[in-house]
Amino acid sequence: MAHNESRNVREAIKSQPLRGQRALVLGVANDQSIAYGCARIFRLLGADIALTYLNEKARPHVEPLARELGASILAPCDVAKNGELEAVFAQIKDRWGGLDIALHSIAFAPKDDLQGRLVDSSSEGFKVAMDISCHSFIRMARLAEPLMANGGTLLAMSYQGANKVVPNYNLMGPVKAALESAMRYLAYELGEKHIRVHAVSPGPLKTRAASGIKEFDVLLSQALQRAPIGELVDIDDVGLTTAYLTTPFARRLTGTVTYVDGGLSIMG
Ligand code: NAD
């Protein structure tokens, strides 16, 4: 970030536009996770944070980050396990009584299906990818709705492979397309309750999920060469834009897909 840009960001952070907001962040695996970048910025902007971890194996990686963020809630959540997402929301209701922001930064596809051609994908693999990466966002919205009596913001992480063919993104392309479409229908259905719903679509970032995509390094180097801004995005960049969507500055926006990719997606 250029010097002036960094100073402007620091000034904006000081104004703490999310003070008093309660934010649930699903999808922190480690300090490279996009979800962690978002939670960190939400916190810097004044929000209270609830974090989840996938399972006991993931817990030691997430617990120190929860501590660093002063998270009020830290709970296990595998969205594929019956009742775990519901238990997170029950805890939020008990502890906070309501919720303002819920971020879904979760994706999964079985390795063989992810790394093979879409045309060869298994019905089971497609179903699992769709359930964890898309339908769990819908379930999250359903559970958040009664806790967002004064409105709120629901957010999901998408990728350009939803709309354009990105070699090696394979079955995640149609899954992210479904996620973006679901986001628009949720925005329509929940708009009258002032619950705004958005997708954020980052350019490629080196994370654990990304390491499952074949030749991911090629995507990174192409992004670097082709993005008009000429730099890769980092998780703080994604966090800042995601946070903006939750602020009153974006109060009349809903149903959008916002690219945080240095302009990569405008290139032919
Ligand atoms: P990451 O590996 O840090 O995060 C993925 C998260 O999904 C992990 O925390 C993992 O525990 C969680 N997850 C997987 N299965 C789950 C389940 N059953 N229940 C609950 N959680 C589960 O990687 P990331 O890149 O930060 O991914 C976050 C989101 O960003 C994903 O939706 C991904 O598709 C999207 N995204 C990533 C990139 C990129 O280049 N890294 C680009 C665009 C969009």
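These legends describe close-up views of the ligand and its pocket in a predicted model. Residues are numbered from 1 along each chain as its sequence is written, and side-chain values use heavy atoms, with hydrogens and water left out. Local features need pLDDT of at least 70 and side-chain atom pairs count only at pLDDT 80 or more, whereas totals for chains, interfaces and linings use all residues.

**View 1. The shell of residues around the ligand.** The ligand has 28 residues around it, and S33, D78, S158, L205 and T207 come nearest (near: a heavy atom within 4 Å). By class, this shell holds 19 nonpolar, 6 polar and 3 charged residues (Ala, Val, Leu, Ile, Met, Phe, Trp, Tyr, Cys and Pro count as nonpolar, Asp, Glu, Lys and Arg as charged, the others, Gly among them, as polar).

View 2. A polar backbone atom of I34 is 2.8 Å from an oxygen atom of the ligand, and for A29 a backbone N or O atom lies 3.4 Å from a ligand oxygen. The protein buries 93% of the 820 Å² that the ligand exposes when taken alone (Shrake-Rupley method, 1.4 Å probe).

**View 3. Helices and a strand at the pocket lining.** Helix 2 (34-44), strand 2 (48-53), helix 5 (111-115), helix 7 (172-190) and helix 8 (216-226) each supply at least two residues of the lining of the largest pocket (DSSP runs, helices H or I of at least four residues, strands E of at least two). Helix 5 gives the most, with 3 residues.

Technical notes
A polar contact is a pair of N or O atoms within 3.5 Å; within protein, one must be able to donate a hydrogen and the other to accept it, and residues adjacent in sequence count only if both atoms are side-chain atoms.
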